[in-house]
Amino acid sequence: MADSMITKRAFAAALKELAGELPYSKITVGKICDRCEMNRTSFYYHFRDKYDLVNWIFDTEFVKKYVETDYTNAWDSVHDTVQYFYDNREFYSKVLEFNGQNSFADHFRSLLHPLIHDDIQGILGDDKNIDFQADFFTNAFISALENWIKDKNCPPPDECVDLLKSCLNVTLDRGSVLKEQANSGKQ
């Protein structure tokens, strides 16, 4: 393993350890460096700030694996996503508390939005409201995920995925009813 990767992993491990001990807002680059006995220059050589480090952790631990997996079913990809957050819920429940410039939520949203957009476009075609719908479902998924991992009685991933399916089914069922009502009114 290249020295650069060893250094990055040391910073990542230090951040994760600190997240187990402190609120995310109290974790500083200095504390991360002290924990892994490296200097700030080394940190800033690899990362812009602690938020960049969080995004790197997610990208190397999850996104890389996600991209390499050939999902035949969208729900399998949802399950893998939910499983990852469940396995790392202590860390991400703290990281998701921060909303603002360079936040993990924004990074996650930027990765998730195009996937949801493509799924919706595959279902609806060239609907004029796809961007709005993709924004809605992206934000709904992130909010549901955040609430789920912060729940002290966080149900296991299979139950979470079933809840997400039930929400989507209610939306689709209600949409079908409204569409039928609109069509019957046109006749």
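Reader: How many disulfides does the rule give?
Author: The count comes to 0 disulfides, a disulfide being a pair of cysteine sulfur atoms within 2.5 Å. This is a predicted model, in which local features need pLDDT of at least 70 and side-chain atom pairs count only at pLDDT 80 or more, while totals for chains, interfaces and linings use all residues. Residues are numbered from 1 along each chain as its sequence is written, and side-chain values use heavy atoms, with hydrogens and water left out.

Reader: What makes cysteine 36 count as buried?
Author: Its relative accessibility is 17%, and buried means under 20% relative accessible area, with exposed over 50% and partly exposed in between (1.4 Å probe, protein chains only). Cysteine 36 is therefore buried.

Reader: What is the case for cysteine 160?
Author: Its sulfur lies 7.1 Å from the closest cysteine sulfur, in cysteine 154, so the distance is too far for a bond. Cysteine 160 is buried, with a relative accessible area of 7%.

Reader: How do you know that the span of helix α7 agrees with its 21 residues?
Author: Helices (H or I, at least four residues) are DSSP runs, numbered from the N terminus. The expected span is 1.5 Å times one less than the number of residues. For α7, residues 104-124, this gives 30 Å, and the end C-alpha atoms are 30 Å apart, so the two agree.

Terms used. Helix = DSSP H or I, 4+ residues; strand = E, 2+ residues; numbered from the N terminus.
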